[in-house]
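Subject: Handover of a structure and the findings on it

Dear colleague,

I am handing over the structure shown below, together with an account of what was found in it. Please read the account with the structure open beside it.

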Amino acid sequence: MTPLVTPLASAAAWSGHDTRLIVAALAGIAVIVLLITKLRAHPFLALALGSGVLGLVAGMAPEKLIDSFSGGLGSTVAGVGVLIALGAMLGKLLADSGGAEEIVDGILRRSGDRALPWAMTLIAVLIGLPMFFEIGLVLLMPVILLVARRSGRPLLLIAVPALAGLSVLHGLVPPHPGPLVAIDTLKADLGLTLGLGLLVAIPTVIVSGPLFARFAARWVRPAPPERLEREQVQKPGDTAPEDADRPRPGFGVTVATILLPVVLMLGRAVAEIALPEDHAVRTVFDVLGTPLVALLIGVIVAMFTLGRAAGFDRARISSAIADSLPPIAGILLIVGAGGGFKQTLVDSGVGKVIGEAAQGANVPVLVLGWLIAVGIRLATGSATVATISAAGIAAPLAAGQSPAHVALLVLAIGAGSLFFSHVNDAGFWLVKEYLGMSVGETIRSWSIMETVISVVSFCCVLLLGLVV
């Protein structure tokens with residue numbers, strides 16, 4: 001079994017050049033943190049300027065620095081950007097067709113009053129698979145407010161399970177941007193990472209969702225702003241008036257459509273383990289389970305099972321797909337700039353120094369990856385920036401590890417990227433305003449929930465590391 005622990009060489013053994021490279025890396029990260037937290041700069045600009053500072057301090061020639069950043073940006077967008085775009089298309093079709101509302105209604109019909117927290121968890125997991133956190137939150141908030149009001153249960157008893165489900169998937173499970181970039185950077189197997197990620201996600205969601213919600217509901221009892229509650233309840237799912245009477249896709253076919261790309265990618269991972277390389281079934285799954293092909297199939301199927309089932313004509317389906325792309329432009333820029341930062345780390349020689357430094361004190365690789373992500377998360381507030389930056393820094397640690405351990409390193413970084421969301425995180429303020437909480441109440445509920453997610457998921461990763 002490939003060892004999970006790599007030693008860290010003595011700093012005294014570093015040459016002056018190595019020390020300069022470490023200083024360059026720290027300077028680049030410091031610039032990123034300063035620009036995001038103090039100057040409120042967009043993460044794309046922060047990552048681009050941080051890469052420039054890193055390269056110049058490391059002694060890179062300006063033309064090589066530009067080529068390095070551009071090359072990393074281009075390769076990352078080419079490898080990950082299309083997958084993010086396809087995931088956005090699938091999420092948009094799910095929302096516009098009424099499929100998301102059908103999932104909500106179907107699960108709530110089947111759950112009793114005592115099971116509501118668990119039902120909200122399941123709803124968030126299903127809707128969160130193809131949707132980004134912010135979109136899923138906006139879509140689910142009317143449901144959270146309506147269910148809490150009708151059931152008379154404490155608001156956080158309903159809200160925390162939904163928030164936990166969305167957050168765990170956002171940090172650990174592709175096709176969300178952070179996990180995708182980490183997989184691409186560390187050269188991890190996507191199907192294997194997806195399978196292990198789901199194994200980690202299940203207990204993490206249970207602990208941080210329905211179980212933690214019992215405590216959060218005792219600590220904090222917010223009353224959402226009356227105006228916001230009235231607006232959200234009157235417009236569940238943000239449905240346009242002209243679409244109020246349209247048909248909706250069925251519950252079963254909607255769930256099957258969402259899970260189709262996941263099943264294809266998991267099928268590829270299972271086939272690679274269970275079947276010989278020249279087996280015909282494995283060859284089929286190698287093609288169908290390729291992330292690009294699996295998501296493309298998912299979008300095409302959704303055009304019929306969701307779009308057509310909702311009565312959309314070809315123009316309406318095309319419009320929905322087109323409308324899904326502008327909101328992710330910023331995400332694509334951040335992801336691309338993160339790839340440029342990673343490539344600058346490698347080409348400047350910092351990556352090699354980090355790889356050589358992982359040779360002297362007994363520091364578990366998974367712990368190191370988690371701690372790097374935690375530090376960047378606390379400093380910048382962005383889970384995506386933390387994942388992208390930590391993956392670039394930790395990339396040399398993946399060398400020589402088994403495919404399973406590389407996948408676990410991706411998950412360890414993802415777990416660290418969710419640690420203690422606070423006032424420098426946009427998600428913190430989004431949750432605060434929607435639920436009508438004070439800053440202190442948001443810290444005692446949302447911030448602690450995020451910390452529980454990070455710690456529990458990391459413990460699950462460590463346990464898996466002992467058996468795979």
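A residue is called buried when its relative accessible area is under 20%, exposed when that value is over 50%, and partly exposed in between. Please keep in mind that the model is predicted.

By these limits E102 is buried, because its relative accessibility is 12%. Its salt-bridge partner is R109, with a distance of 3.7 Å from N to O. R109, at 57% relative accessibility, counts as exposed.

The E101 and R248 pair joins distant parts of the chain, as the two residues are 147 residues apart. E101 lies in helix α4 (residues 99-109), whereas R248 lies in the loop between α10 (226-234) and α11 (251-274). With a relative accessible area of 31%, R248 is partly exposed.

In total, the structure holds nine salt bridges. Another of them is formed by the side chains of K92 and D96, at 3.5 Å from N to O. These two residues stand four apart in helix α3 (residues 62-96), so about one helical turn separates them. K92 is partly exposed at 26% relative accessibility, while D96 is buried at 18%. As a general point, side chains of opposite charge can pair when their charged atoms come close.

The largest nonpolar core has 142 residues, and L140, I144, L156 and L435 touch the most other members. Helix α7 (residues 155-172) contributes the most to this core, with 13 residues. Beyond its neighbours within four places in sequence, L156 is in contact with P161, A213, A216, A217, V220, P222, L435, M437 and S445. In soluble globular proteins, nonpolar side chains tend to be buried together.

Nonpolar residues are also found on the surface. There, W118, I202, I206, V207 and L211 form a nonpolar patch whose accessible area together is about 400 Å². Helix α9 (residues 190-219) supplies the largest share of this patch, namely four residues. W118 sits in helix α5 (residues 116-128) and is partly exposed, at 40% relative accessibility.

With kind regards

How values were computed: Residues are numbered from 1 along each chain as its sequence is written. This is a predicted model: local features need pLDDT of at least 70, side-chain atom pairs count only at pLDDT 80 or more; totals for chains, interfaces and linings use all residues. Side-chain values use heavy atoms; hydrogens and water are left out. A nonpolar core is a set of buried Ala, Val, Leu, Ile, Met, Phe, Trp, Tyr and Cys residues joined through side-chain atoms within 4.5 Å. Buried means under 20% relative accessible area, exposed over 50%, partly exposed in between (1.4 Å probe, protein chains only). Contact means heavy atoms within 4.5 Å. A salt bridge is a side-chain nitrogen of Lys or Arg within 4 Å of a carboxyl oxygen of Asp or Glu. Patches are made of residues with over 30% relative accessible area and no salt bridge: like charges are joined within 9 Å, nonpolar side chains (Val, Leu, Ile, Met, Phe, Trp, Tyr) within 5 Å. Accessible areas come from the Shrake-Rupley method with a 1.4 Å probe; for residues, only the protein chains shown count as cover.
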